[in-house]
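I opened this model today to jot down what I could look up in it, one entry at a time. Here are my notes, in the order I made them.

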Amino acid sequence: MSEGTRILGIETSCDETAAAVVENGRRILSSVVASQVKLHAPYGGVFPEVASRAHVETIYRVVESALSQAHVGLESIDAIAVTRGPGLPGSLVVGLNMAKGLALASGLPMLGINHLEAHLYSIWLVQDEPEPAFPLLGLIVSGGHTELVLMQDHLTYQRLGGTLDDAAGEAFDKVARLLGLAYPGGPAIQQAAEGGDPQAYKFPRAWLEGTWDFSFSGLKTAVLREVRAQQPDLQAGVDAPRPGLPIADLAASFQAAVVDVLVGKTLAAAQAHDAQLVLVAGGVSANRALREAFQARAKIPVRVPPMALCTDNAAMVAAVGHWRFLAGQRDALDIDVLPTWPLEG
Ligand code: KG4
Ligand code: ZN
């Protein structure tokens, strides 16, 4: 592979303020992530205005820390890669403006990066494993997205399908609320499911045969119906502990339904497209049941990034920046954020 780039990455698409320095798209020199989870927990989800304000307050310190922890100044950086979308408009703007300011002051090129693409490139940051080979199938499962994409080469994406309603992470977050568990819902459900029986409840799996799409809203409704059947006086949307509910069994059965469909459809798509490798990325790829099911059921290698690289970070943005910088991408400093930017092309 090509040698010699050092990219500063910046990420503010949702509720993490992050900056990182990555060498050659593979080696993390620094990766700083300031999480806003505590700020949003009282709301049971990300509160957009709170997120942008927190990004504004933190971004300088985070970028400075990333540079100082990497022991580099801007003079030894080749380009600034920044998440341009998809994400919360008010949050994206903070990172993009920071990148524009730095680019203007230093004369460095600035590259706008797709956040979903960045999640996939988190796998390139795992240095002790070989670089992923093409063609590969990518499953991106996060709070906002569930996407199946085929990659025939670097920076080329054929979108096969995605969720028609809730994203996988969103389903975890909503069902967690329903069960009275804390935000963020994914880790809370995983923990609650630990002692539970995944077959206690037969929750529906939306296979959507003939497509590579997903749907999780029916599953969410089925959990709601079961909870209501057991606690008829439940008020929807009110989070509170739910004494008497079999939380462990409900969480385990819900998680099993999500995992079943994600793993089943991803492996079928990989086979249908002759992929040599499956990459799983995004916040939900931190889920232990999902990781174990992929390893147990796949006949081709399945790679999932280490936990710290599953959730939002800027190292993955810098990793894409390396490849896009080599491909000649240079963005004008008047580009705008793209809050609904699809991963295609
Ligand atoms: O990629 P990410 O950090 O942010 C977005 O780009 O959305 O993903 C966050 C999502 C949340 O919905 C969170 O509940 C979910 O990832 N998540 C998990 C786990 N850890 C985080 N879902 C299931 N199991 C987990 N262990
Ligand atoms: Zn993400």
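Predicted model: local features only at pLDDT ≥ 70, side-chain atom pairs only at ≥ 80, totals over all residues.

Entry 1: Next I asked which residues coordinate the zinc ion (ligand 2). I got His115 and His119, each through NE2, together with Asp312 through OD, at 2.0 to 2.1 Å. Along the sequence, I wrote the donor spacing down as H-x3-H-x192-D. Why are His115 and His119 separated by about one helical turn? They are four residues apart in helix H4 (residues 115–121), and that accounts for the turn between them.

**Entry 2: the sheet.** I then traced an open sheet of five strands, and its order reads E3-E2-E1-E4-E5 with mixed pairing. Strand E3 (27–35) and strand E5 (110–114) are at the edges; each has a single partner strand, so one side of each is left without a neighbour in the sheet.

As a reminder to myself, strands of a sheet pair through backbone hydrogen bonds, in either a parallel or an antiparallel way. For strand E1 (residues 6–11) and strand E4 (residues 79–85), I found the parallel sense, over four bridges. Within that pair, Gly9 has Ala81 in E4 as its bridge partner.

**Entry 3: helices on the sheet.** Which strands does helix H3 (residues 89–106) touch? I found E1, E4 and E5, with H3 packing on the sheet and its direction making about 155 degrees with that of E4. Helix H11 (residues 315–326) lies across E1, strand E2 (16–23), E3, E4 and E5, and I noted that H11 runs at about 130 degrees to E1.

**Entry 4: the cores.** The largest nonpolar core came out at 54 residues, and Leu179 and Phe254 have the most contacts inside it. Elements giving two or more residues to this core include strand E6 (136–141), strand E7 (146–151), helix H5 (168–178) and helix H8 (247–272). H8 gives the most, with 14 residues.

Leaving out residues up to four places away in sequence, Phe254 touches Ala171, Phe172, Val175, Ile189, Phe203, Leu219 and Val223. Apart from this core lies another, of 34 residues, and I listed Leu116, Trp124, Leu125 and Leu343 among them.

Key. Residues numbered from 1 in each chain as written. Chains lettered and ligands numbered in written order. Heavy atoms only, no water. Pairing = 2+ DSSP bridges. Contact = heavy atoms within 4.5 Å. Axes fitted to C-alpha atoms, helices over the stretch in contact; angles between N-to-C directions. Core = buried A, V, L, I, M, F, W, Y, C linked by side-chain atoms within 4.5 Å. Buried < 20%, exposed > 50% of the residue type's maximum accessible area, 1.4 Å probe, protein only. Donors = N, O, S within 2.8 Å, 3.2 Å for Na, K, Ca; no water.
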